[in-house]
Amino acid sequence: MGLATDSSNNVYVADNANQVVRKVTSAGVVTTLAGYPGSSGAADGTGNAARFYSLNFVAVDSSGNVYVADTSNQAIRKITPNGVVTTLAGQSGNPGSADGVGSVARFYQPSGIIVNSSGNLFVADMANYTIRATQPLTTPVNQFITFAPLPNHSAGDAPFTLTATSSSGLPVYLNVLSGPASLGTNNVLTLLGGGTVNLVAWPSWC
């Protein structure tokens, strides 16, 4: 289906019905970069351990990374020059039209894909009738963590749940940094004595 070339004149092929990405050198040597011929799926992995489902178009950046519009998986996949496949954006089997970071984003039959000199991807999100764009992972993006209002608590009170959300939409992890408290499953905090409790919070993409 799709073709793209790198700076060394290698050609990368979205071999749709075979569910693989092929590499063709300028001398005409063909190898399978990622995927297993005739086997569809959504697995990340290296080389033939990875799976695609109706991949349509590919793009190559200046570092030789290949980006795949994995249409029926509703995802954008990334393949390193060594054949390591990861899901860059979207979630396999979950179509939609949400913007966001990583698996929070949703596509609906992404098809065409290109990458510019700054590393930005542009995706023709076919069934959503939109053009979607990404920022390179090296571009800083401001993220915010917000805590739900919390009433005053004292030592001896029953354990209570802490709730925090990230502006990225990804899960937030919490831990006790210092003070007389312990944090259990599902962010349930137990006060163990009097004093100040300091918490640390971070989003799952760190």
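**Figure 1. Ala43 and the residues that Ala43 touches.** Not counting residues up to four places away in sequence, Ala43 touches Ala49, Ala50, Arg51 and Arg77, where contact means heavy atoms within 4.5 Å. The model is predicted: local features need pLDDT of at least 70, side-chain atom pairs count only at pLDDT 80 or more, and totals for chains, interfaces and linings use all residues. Residues are numbered from 1 along each chain as its sequence is written, and side-chain values use heavy atoms, with hydrogens and water left out. Ala43 sits in the loop between β4 (30–34) and β5 (45–46). Strands (E, at least two residues) and helices (H or I, at least four) are DSSP runs, numbered from the N terminus. Ala43 counts as partly exposed because its relative accessibility is 33%; buried means under 20% relative accessible area, exposed over 50%, and partly exposed in between (1.4 Å probe, protein chains only). Ser92 is 49 residues apart from Ala43 along the chain, and their C-alpha atoms are separated by 9.1 Å.

**Figure 2. Ser111 in strand β10.** The strand covers residues 110–115. Ser111 is buried, with a relative accessible area of 9%. Its side chain reaches the backbone oxygen of Gln109 at 3.3 Å. Leaving out residues up to four places away in sequence, Ser111 touches Asn56, Phe57, Ala69, Thr71, Ala124 and Met126.

**Figure 3. The second largest pocket.** This pocket has a volume of about 180 Å³. Its lining has 13 residues, and the closest to the pocket centre are His153, Phe160, Leu189, Leu191 and Val197. A pocket is an open set of points on a 1 Å grid over the protein atoms alone, where a 1.4 Å probe fits, with protein on both sides within 12 Å along at least five of seven lines; lining residues have an atom within 4 Å of a point. The lining divides into eight nonpolar residues, five polar and no charged.

**Figure 4. The chain around these views.** The secondary structure comes to 19 strands and zero helices. The radius of gyration, taken over C-alpha atoms, is 22 Å, well over the 17 Å that the globule rule gives for 206 residues, so the chain is more spread out than a compact globule. That rule is 2.2 Å times the number of residues to the power 0.38. Along its principal axes the C-alpha trace spans about 75 × 35 × 30 Å. Of the 206 residues, 34% count as buried.

Note on methods. Grid points are joined across faces, edges and corners, and a volume is the space filled by probe spheres set on the points. Ala, Val, Leu, Ile, Met, Phe, Trp, Tyr, Cys and Pro count as nonpolar, Asp, Glu, Lys and Arg as charged, and the others, Gly among them, as polar. A polar contact is a pair of N or O atoms within 3.5 Å; within protein, one must be able to donate a hydrogen and the other to accept it, and residues adjacent in sequence count only if both atoms are side-chain atoms.
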